[in-house]
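Please keep the sequence and the structure in view while reading.

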Amino acid sequence: MVQKYKRRKVLIMKRDGKQKGKNNELLKTILLIVLVLLCIAGAFAVYYFNTKEEKDEKELAYTELITSINEGKIEKIEMTTGSGTIKVTMKGEGEEKDREKRVIVPSLQAFMELIQDKVDKDGIKINLNQKPVNPILRISDTLFSLLPTILLVALMLMIFKMQGLGGDSGKVYGGEDGSKKSEVRFNDIAGLDEEKGELIEIVDFLKTPESYQKMGAKIPRGILLYGKPGTGKTLIAKAIAGEAGVPFISMSGSEFIEMFAGLGASRVRKLFEKAKKMSPCIIFIDEIDAIGSKRTSNSGSETENNQTLNQLLVEMDGFDTHETIIVLAATNRPEMLDKALLRPGRFDRQITIPAPDLLGRESILKLHSKNKKFAPDVDFKDIAGDTAGFTGAELSNVLNEAAIIATRNKHKEITNLDIENAVRKITVGLEKANRVVSEKDKKLTAYHEAGHAVVSKFLPTQTNVKEISIIPRGLAGGYTMYKTNEDKFYVSKTELLEKMVALMGGRAAEKIALNEISTGASNDIEVATGIAKDMLTVYGMDDKLGPISLKVDDPYELQIFGDKVIDEVGNQIQILIDDAYKAAQKILVEHIDILDQVAKRLLEKEKITSEEFEEFFN
């Protein structure tokens with residue numbers, strides 16, 4: 001117990017010493033800046049007071065002086081060695097002080113040669129003052145000449161300090177300095193059983209690297225985690241560090257890139273130097289696409305990105321195989337990464353972190369339900385069925401929003417209705433029940449949403465309607481919500497075609513029932529056009545074009561297909577959209593009575609549940 005206390009005391013003293021050192025360094029920087037500013041202010045003051053008397057004197061232009069000498073108006077000229085100004089006394093009546101003027105002369109030697117004959121002829125008195133210039137004034141002049149350089153250097157120092165040049169690279173968890181350890185474990189992650197099994201080997205290697213080295217196995221240099229945002233990539237990295245019990249150095253890809261050339265490469269070097277001292281350890285680079293994107297031959301800021309990436313490639317290849325350092329990286333855009341970064345020997349393993357399936361969503365909901373009170377009738381399996389495609393972060397947000405809604409409504413427990421309202425808020429937007437909507441817009445919205453629902457009912461591949469509403473939510477004037485009770489990994493051509501028909505149901509209902517069309521179908525048309533385009537250019541589902549892919553990174557690559565193919569794509573997209581629109585109109589014409597009934601019920605109640613909707617067909 002005493003040893004633990006002593007060790008903790010030593011760690012605290014080390015940490016306090018580091019903090020004190022940082023504070024002292026900051027204090028020194030502030031004092032240096034203050035000293036420079038005081039010197040500049042002093043130079044200004046000296047220059048001002050030493051030149052005040054000269055500034056008070058009347059000035060005469062150099063050209064006017066030459067003219068006055070030629071016209072014989074000058075009585076006396078007084079010069080001081082080392083000075084660029086002379087004092088002349090004009091002829092005339094009055095006191096001498098009133099007739100004195102100051103003249104700035106470009107060159108005293110040239111001036112003397114120019115007026116020598118005139119001086120001898122007119123008898124102008126010339127007094128040469130051998131008294132040197134005020135040394136304080138000379139120093140102030142020197143400071144003024146160096147002032148731009150001093151200010152530039154001070155500004156550069158301040159910017160370097162602000163940008164962290166020479167500072168620590170990455171945030172450390174679980175280091176020897178007593179920094180906080182990662183408290184995340186694999187038990188805190190749900191819905192990724194296979195991915196966790198793949199990473200258990202990494203944890204075992206970090207704990208007992210000797211057993212693998214005896215077998216001749218090489219250290220995995222890097223592991224790339226990629227998937228949609230919110231699937232748990234960063235959480236998995238923290239869990240690996242927490243399970244292995246080793247230092248975890250975390251850094252974002254954007255932290256490497258700054259405005260100064262070479263700064264990113266310098267930070268990469270310092271990051272790996274720190275890792276070598278802490279070995280065994282984990283380096284985690286989040287959003288690695290910020291520095292790992294494909295290299296180009298362009299100049300400017302992209303050159304800095306290339307240098308940073310080159311340094312990262314060298315470091316990942318360069319550290320000794322006996323150093324137990326593993327680089328974890330996460331991205332949601334793996335197609336952006338340079339191929340040299342993805343080869344074996346750098347990122348040996350590339351693990352996809354997918355959106356959770358039905359069982360995964362249920363386990364995630366149960367995990368995030370801890371410390372929350374739920375009503376007895378809340379079934380997480382049903383919630384998981386209604387949230388197909390949701391990521392772990394989105395499911396956590398659903399339960400959090402449900403807890404907030406329950407608290408706002410003074411509920412003692414979170415109910416099913418609270419969770420459904422949370423799902424609607426996240427997927428559709430905030431309900432705006434108090435928004436004033438005209439009767440004309442209400443009627444148009446009612447027929448539009450009724451059109452979607454009725455058309456979907458007669459399409460075999462489309463899911464059942466869960467709710468229809470004409471209460472505005474977010475940017476939408478109304479919505480039709482469908483049940484999502486299964487996870488789809490493949491979609492058939494028939495399902496895509498019928499999805500387009502369902503999307504065009506709103507526009508078709510407006511035209512048939514009201515003989516009018518509105519801007520409300522703009523998003524439906526956009527989605528339908530996107531489906532038609534993907535069917536032709538990505539999935540190769542057109543009989544005329546055949547099974548070819550027109551998905552290219554550079555538009556110029558389309559030239560190999562010729563203009564005929566491109567024109568055919570445009571024609572076929574238009575045909576698919578027109579056919580979907582006609583199919584939707586046909587369904588609604590055949591069931592116009594049901595369309596009218598659903599629209600009228602929406603105008604009365606503003607919302608229709610799935611049970612109420614099914615009654616129209618019974």
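A salt bridge is a side-chain nitrogen of Lys or Arg within 4 Å of a carboxyl oxygen of Asp or Glu. Lys-366 and Glu-362 form one, with N and O 3.3 Å apart. The model is a predicted one, and it holds eleven salt bridges.

**Salt bridges**

- Side chains of opposite charge can pair when their charged atoms come close.
- Lys-366 and Glu-362 are both part of helix 12 (residues 358–368), where four residues, about one turn of the helix, separate them.
- Lys-366 counts as partly exposed because its relative accessibility is 44%.
- Glu-362 has a relative accessible area of 15%, so it is buried.
- A salt bridge also joins Glu-401 to Lys-425, and their closest N and O atoms are 3.1 Å apart.
- This pair links distant parts of the chain, since Glu-401 is in helix 14 and Lys-425 is in helix 15, 24 residues apart.
- Glu-401 is buried because its relative accessible area is 15%.
- Lys-425 has 28% relative accessibility and therefore counts as partly exposed.
- In the salt bridge between Arg-349 and Glu-201, the closest N and O atoms are 2.9 Å apart.
- Distant parts of the chain are linked here too: Arg-349 belongs to strand 10 (residues 349–352) and Glu-201 to helix 5 (residues 193–207), 148 residues apart.
- Arg-349 counts as partly exposed because its relative accessibility is 22%.
- Glu-201 has 41% relative accessibility, so it also counts as partly exposed.
- Glu-198 joins Glu-201 and Arg-349 in a network of salt bridges.

**Helix 15**

- Helix 15 covers residues 416–427, twelve residues in total.
- From first C-alpha to last, helix 15 reaches 17 Å, close to the 16 Å expected at 1.5 Å a residue.
- The buried residues in helix 15 are Asp-418, Ile-419, Ala-422, Val-423 and Arg-424.
- Among the elements that cover these buried residues are helix 13 (380–385), helix 14 (392–408), strand 11 (465–469) and strand 12 (479–482).
- After helix 15 comes Gly-429, which has a positive phi near 135°.

**Nonpolar cores**

- The largest nonpolar core has 43 residues, and those touching the most other members are Ile-468, Met-500, Val-598, Leu-602 and Phe-613.
- Elements that each supply at least two residues of this core include helix 16, strand 11, helix 17 (493–503) and helix 18 (505–514).
- Helix 19 (522–537), helix 20 (562–590) and helix 21 (592–605) also each supply at least two.
- Helix 20 gives the most to this core, nine residues.
- Another core, of 27 residues, lies apart from it and includes Leu-206, Ala-244, Ile-282 and Ile-353.
- Leaving out residues up to four places away in sequence, Phe-613 touches Ala-453, Val-454, Lys-457, Val-465, Ile-468, Val-598 and Ile-608.

**A buried charge**

- Glu-449 sits in helix 16 (residues 439–457).
- A salt bridge needs the side-chain nitrogen within 4 Å of a carboxyl oxygen.
- Beyond its neighbours within four places in sequence, Glu-449 contacts Ile-468, Ser-469, Gly-478, Tyr-479, Thr-480 and Leu-602.

Notes
Residues are numbered from 1 along each chain as its sequence is written. This is a predicted model: local features need pLDDT of at least 70, side-chain atom pairs count only at pLDDT 80 or more; totals for chains, interfaces and linings use all residues. Side-chain values use heavy atoms; hydrogens and water are left out. Contact means heavy atoms within 4.5 Å. The expected span of a helix is 1.5 Å times one less than its number of residues. Buried means under 20% relative accessible area, exposed over 50%, partly exposed in between (1.4 Å probe, protein chains only). A nonpolar core is a set of buried Ala, Val, Leu, Ile, Met, Phe, Trp, Tyr and Cys residues joined through side-chain atoms within 4.5 Å.
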